[in-house]
Amino acid sequence: MASQPTDPSYSRPPVREALIDIQIDELSEELLPKLKECGTEFGSLYPEIRTQYRGKISMKFSNADMTSEQNKQLLGYIFQSSDENRWVQMRLDGFTFNLLKPDPMAAWPGWQVLRDEARRAWDKYVMVTNTVELKRFAVRYINQIVIPAGEIKLLDYFTEPPRIPEGLPQALKHFFSRIEVVNPDPEATIIITQAPAPQPYQSQPTFTLDIDVIREQRMLLDSFDLWSTLDRFRELKNTVFEASLHPKAKKLFGLEEI
């Protein structure tokens, strides 16, 4: 799937959250103190620290009885900005940078801010963990599409909404659509999810358009340019976004001419 040469510019992009996620083989628990120290170096940007745990459930059988025990295992740390809209996750199994925009009508900082802040924190992570190989990396954008209240037809806004077969009642109550597309260049899997948003915005019809561009492949860090590849993933995300929506939806985001 080729990217568009020029992407439209929106004054109110509907991004709810965007993230860069990088996964590696799990590291030794001995590195946890270094991960915490690494994150605290960005204290002025991300002063809030939270711990991340992974739950483990063990089952024990004795004659006819069965008991279960749940244990929490420390996996890493989340470093948050004061407004909680920027998260740096440093874990034993990888790294994630999240940029959030809870209000769909608010300004969006843009890809360059997301990319630059993520790269700065990732470089520290690599230095502390001596990471040399990746097994998965992704760019994901979760959009919330807010439609004016009233009777709506999804086909007016989405190019491929769910369709009810003819002859059946057409009052759609709920839906969940997920498709996976194999993209050859750049090599990636695109996961496109559409569904009503968990929480409507100001009681208006609100829909989620979740676009996840992923490569699951073992790759040595020095064998390719990670950040140029992520740039291409973002361009591919833009192509999917544009192809998923009709002009009536795009006008909601502040695009004057389509």
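Predicted model: local features only at pLDDT ≥ 70, side-chain atom pairs only at ≥ 80, totals over all residues.
Local features need pLDDT of at least 70, side-chain atom pairs count only at pLDDT 80 or more, and totals for chains, interfaces and linings use all residues. Residues are numbered from 1 along each chain as its sequence is written, and side-chain values use heavy atoms, with hydrogens and water left out. The whole structure holds 15 salt bridges (a side-chain nitrogen of Lys or Arg within 4 Å of a carboxyl oxygen of Asp or Glu).

- Glutamate 41 and lysine 124 form a salt bridge, with the closest N and O atoms 2.8 Å apart.
- Glutamate 41 sits in the loop between helix H1 (32-40) and strand S2 (48-62) and lysine 124 in helix H2 (residues 111-129), so the pair ties together parts 83 residues apart in sequence.
- Helices (H or I, at least four residues) and strands (E, at least two) are DSSP runs, numbered from the N terminus.
- Arginine 140 pairs with aspartate 210 in a salt bridge at 2.5 Å between the closest N and O atoms.
- This pair joins strand S7 (residues 136-146) to strand S10 (residues 206-215), 70 residues apart.

**Burial**
- Aspartate 210 is buried at 9% relative accessibility (under 20% relative accessible area; exposed is over 50%, partly exposed in between; 1.4 Å probe, protein chains only).
- Arginine 140 is partly exposed at 28%.
- Lysine 250 and glutamate 242 meet in a salt bridge of 3.0 Å, N to O.
- Lysine 250 is buried at 10%, and glutamate 242 is buried at 12%.

**Network**
- A network of salt bridges links Asp21, Arg91, Asp93, Arg136 and Glu216.
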